[in-house]
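This report describes the architecture of one protein chain, from its overall composition down to selected residues. Please keep the sequence and the model in view while reading.

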Amino acid sequence: MKKKLLFAAGASLFAALVPLTACNFWGGINKKPSGKHEHTFSETWQYDETEHWHESTCGHDVTDGKNQHDFDNRNCIECGYLLPPEEKELTIDKLHFIWNTELYGYTVSANKEKIHSLKKIEIPASVNRYPVKGIDDLAFAKCNELTTVTIPDSVTDIGDAAFAYCKNLKSITVPDSVTKFGEAVFGYCESLTNVTIPNNLKTISYGMFAYCYRLTSIKIPYGVTSIQGGAFGFCKNLTNITIPDSVTEIESGVFMGCSGLTSIALPDSVTYIGNDAFFECSRLSNIMIPHGVSSIESDTFTNCNELISISIPVSVTNIKYAFSSCNNLSEIHFNGTIAQWNAIEKANEWDRDIRTYTVYCTDGQINK
């Protein structure tokens, strides 16, 4: 009976102490309690439309300072929460603002009545105390006189084709606060030569810089994992691009028509290259396929007339009709044996347009 009581007492003590360790009550591994347990809380306020509170930082489901808002001029004097504005839509000079409940801030676009006179835009960080959080779809599309845009670090979202067809836009810096781009944001910005991509971006969106004819160089920041279809399509003067080893996917037609591209370094993090990815990169002379890629898709290198050499890793198990009109391709460097090369599934007449070439394997070569 005494043993049972001791066990029960010990179990109760252990159960009481376990939740305390989530708050570092022990003060470290194998250290004994040093005093009365106290929860810890974030200094930042959390809030909804009626209340505010501090969340715990110790892992427990408790809050501190929870109370109803105390408003003065629509502003909670304790936590800073602002009630939604009474004006959901307003125009200030050349800019038009619409309240966005999801972003809890205004989105901005051009005042269409003054669209043709817009040469320089400085988007404000706030309007009547409320943050400007987004740039609308087609916000400044076809502002043909626009040359300069300043985007504040309050903005997190830029919509589809927001600056498309701004033919005189030459340079733009996008702040790191922006984490979401729509499609074709800078499509057909024919004069764009310089752009800074934010460091917190995960995806280069569809057609983001398509037909930016004067864009010569771009650096994709580390953290981007996917370059979506046609992102740099027909940037015919693009000669220098930096792709970080965070990128895993290069989708269809990403560099289609980039006729100024002579070489490109693809990091080994890339495991997928979509069809038409380098379609009509007519000056591309050599390329190395990353080691994680398993398939060379249809028309990946179609009309790459100056392609002379390609390196293919042993990870590739399928080659589709990828080399149409690659008349000058003469060297294929395969990082595997002749038997492994022969085992690759190849499309019928995959090499039809290649005149003569040699496959260099680790144990010999194949002359065609």
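## Basis of the model

The model is predicted: local features need pLDDT of at least 70 and side-chain atom pairs count only at pLDDT 80 or more, whereas totals for chains, interfaces and linings use all residues. Residues are numbered from 1 along each chain as its sequence is written, and side-chain values use heavy atoms, with hydrogens and water left out.

## Overall composition

The protein chain contains 2 helices and 30 strands.

Of the 368 residues in the protein chain, 44% are buried. Buried means under 20% relative accessible area, exposed means over 50%, and partly exposed lies in between (1.4 Å probe, protein chains only). Among contacts between residues at least 6 apart in sequence, 31% join residues at least 24 apart; a contact means heavy atoms within 4.5 Å.

In soluble globular proteins, nonpolar side chains tend to be buried together. The largest nonpolar core here has 93 residues, and those with the most contacts inside it are Phe-140, Phe-163 and Phe-232. The elements that give two or more residues to this core are β7 (95-100), β8 (105-110), β11 (130-135), β25 (309-312), β27 (331-334) and β29 (358-361). Such a core is a set of buried Ala, Val, Leu, Ile, Met, Phe, Trp, Tyr and Cys residues joined through side-chain atoms within 4.5 Å.

## The five-stranded sheet

An open sheet of 5 strands has the order β23-β25-β27-β29-β30, with mixed pairing. Two strands pair if DSSP finds at least two bridges between them. Because β23 (286-288) and β30 (364-367) stand at the edges with a single partner strand each, one side of each is left without a neighbour in the sheet. Neighbouring strands of this sheet are turned by 15° against each other on average, direction ignored; the axes are lines fitted to C-alpha atoms, for helices over the stretch in contact, and angles run from 0 to 180 degrees between N-to-C directions.

Within this sheet, β25 and β27 run parallel and are joined by 4 bridges. Ile-312 stands opposite Phe-334 in β27.

Another open sheet has 3 strands in the order β1-β2-β3, with antiparallel pairing. Its edge strands are β1 and β3, each of which pairs on one side only. β1 (residues 46-47) and β2 (residues 51-55) pair over 2 bridges, and a hairpin of 3 residues joins them. Tyr-47 stands opposite His-52 in β2.

Glu-49 lies in the loop between β1 and β2. Its relative accessibility is 61%, so Glu-49 counts as exposed. Not counting residues up to four places away in sequence, Glu-49 touches His-69, Phe-71 and Tyr-81. The C-alpha atoms of Glu-49 and Tyr-81 are 8.3 Å apart, while the two residues are 32 apart in sequence.

## Two further residues

Is Ser-295 buried or exposed? Ser-295, in strand β24 (residues 295-296), counts as buried because its relative accessibility is 12%. Its side chain makes a polar contact of 2.9 Å with that of Glu-297. A polar contact is a pair of N or O atoms within 3.5 Å; within protein, one must be able to donate a hydrogen and the other to accept it, and residues adjacent in sequence count only if both atoms are side-chain atoms. Beyond residues up to four places away in sequence, Ser-295 touches Asn-318 and Lys-320.

Asn-144 is placed in the loop between β11 and β12 (148-150) and, at 33% relative accessibility, counts as partly exposed. Leaving aside neighbours within four places in sequence, Asn-144 is in contact with Tyr-165, Lys-167 and Asn-168. The C-alpha atoms of Asn-144 and Cys-166 are separated by 5.0 Å, the residues being 22 apart along the chain.
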